[in-house]
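Here are my notes on the model, point by point. Please read them with the structure open.

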Amino acid sequence: MGLNYKQQLEVVQGLSIPPDTTIRMDCPFCHNKNTLSVDTTSNNIGWYCFHTACSAKGKHQGEKDMNYVNATFKQKEESPDTEFIVPDSFKILDSNDKAKKYIHKNNCWEAWSWGRADIKYDVKQDRVVFMIRHKQKAHEFVGAVGRALSSATYPKWYMYGNKDVPFICGLHEHNEAVIVEDCASACAVSNILTGVAILGTSLKQSHKQYLKQYDKIYVGLDRDATKKSYDIANELKSYGLQNVHVKPLTDDLKYFSTEEIKEMFNG
Ligand SMILES: [Zn+2]
């Protein structure tokens, strides 16, 4: 894995985990599912990966008081309307072959070419970048999510700008939505139903609020995340959404074509 303590701390801080939280999540170092435990209780930030091949672990003592912890680890309360200034390093997708290959291989090409998703290439971080659109102003962005194109880049998924607005891909006429693992899967399903990406974290308030508008909600995380799928379905039900179903999958949704997705959900 090869990252020293300071680099690891930087990555863990970049996950924007609020204080007084104990959380299990996908490991940004070894990319295994749900193997990283992060603990921000007692004025500390501690992390540990349970995967045997991964050496990610460390602890950072909060120097001062909760105000310090809040200032350091708590993400800023950002309004979903705050415009994200697109960095100069974001180039058109066509400028990079690896980026184009990624969106082909992960069934995002159709969503991109039909304009359901804005996808760019970040030349500075070597990432395919999925832009998060403003709710009302279609040509403004509030954030972006970047997928590393090389295994040496951490974390695998990086959030630019507002971290509270989910990446969503779909059409206005959809009555059904599916919670998926990542942006590529959200794009892959988007001709048939709306994909909402959770990016290895737990469900956020903003996800739940957004999902209220749909008649039917599926939870379609990949096959390794079955328990997490049921946890999320239960959480949505206790939030008051009734028509929630776990969709058993044989593989990540980004590996299926639109035709296959159509069969899976409407067949
Ligand atoms: Zn790990």
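1. Zinc site. The model is predicted. In it, the zinc ion has four protein donors: Cys27 (SG), Cys30 (SG), Cys49 (SG) and Cys54 (SG). They lie 2.3 Å from the ion. Along the chain, the donors of the zinc ion follow the spacing C-x2-C-x18-C-x4-C.

2. Zinc geometry. The 4 donor atoms subtend angles of 103 to 119 degrees around the zinc ion, so the arrangement is tetrahedral. The criterion is that all angles lie between 85 and 135 degrees.

3. Is Cys27 buried or exposed? Cys27 counts as buried, because its relative accessibility is 3%. The cut-off for buried is under 20%. Cys30 has a relative accessible area of 22%, so Cys30 is partly exposed.

4. Asn34. This residue sits in the loop between strand E1 (22-25) and strand E2 (36-39). Asn34 is not a glycine, yet has a positive phi of about 60 degrees. Its relative accessibility is 32%, so Asn34 counts as partly exposed.

5. Asn107. Here is another positive phi: about 55 degrees at Asn107, which is not a glycine either. Asn107 is found in the loop between helix H3 (97-105) and H4. With 25% relative accessibility, Asn107 counts as partly exposed.

6. The open sheet. What is the strand order? The 5 strands run E10-E12-E11-E13-E14, and the pairing is mixed. Strand E10 (167-169) and strand E14 (244-246) are the edge strands, each pairing on one side only. On average, neighbouring strands of this sheet are turned by 20 degrees against each other, direction ignored.

7. Helix on the sheet. Helix H7 (residues 226-238) packs on this sheet. H7 touches E11, strand E13 (216-219) and E14. The direction of H7 makes about 175 degrees with that of E14.

8. A parallel pair in the sheet. Strand E11 (residues 176-180) and strand E12 (residues 194-197) run parallel and are joined by 4 bridges.

9. Aromatic pairs. The count comes to 10 aromatic pairs. One of them is Phe90 with Tyr160, an edge-to-face pair. The centres are 4.9 Å apart, with 85 degrees between the planes. Phe90 lies in strand E5 (residues 90-92) and Tyr160 in strand E9 (residues 157-161), so the pair ties together parts that are 70 residues apart in sequence. Both Phe90 and Tyr160 are buried.

10. A tilted pair. Trp109 and Trp112 also form an aromatic pair, at 5.0 Å centre to centre. The angle between the planes is 55 degrees, and the pair is tilted. Both residues lie in helix H4 (residues 109-113), 3 residues apart, about one turn of the helix. Trp109 has a relative accessible area of 28%, so Trp109 is partly exposed. Trp112 is partly exposed as well, because its relative accessible area is 24%.

11. Ring cluster. Which residues do ring pairs link into a cluster? Phe84, Phe90, Tyr158 and Tyr160. The buried residues Phe90 and Tyr160 belong to this cluster.

Definitions and conventions. Residues numbered from 1 in each chain as written. Predicted model: local features only at pLDDT ≥ 70, side-chain atom pairs only at ≥ 80, totals over all residues. Heavy atoms only, no water. Donors = N, O, S within 2.8 Å, 3.2 Å for Na, K, Ca; no water. Tetrahedral: all angles 85-135°; square planar, octahedral: opposite > 155°, others 65-115°. Buried < 20%, exposed > 50% of the residue type's maximum accessible area, 1.4 Å probe, protein only. Pairing = 2+ DSSP bridges. Helix = DSSP H or I, 4+ residues; strand = E, 2+ residues; numbered from the N terminus. Axes fitted to C-alpha atoms, helices over the stretch in contact; angles between N-to-C directions. Contact = heavy atoms within 4.5 Å. Phe/Tyr/Trp six-rings, centres within 6.5 Å; stacked < 30°, edge-to-face > 60°.
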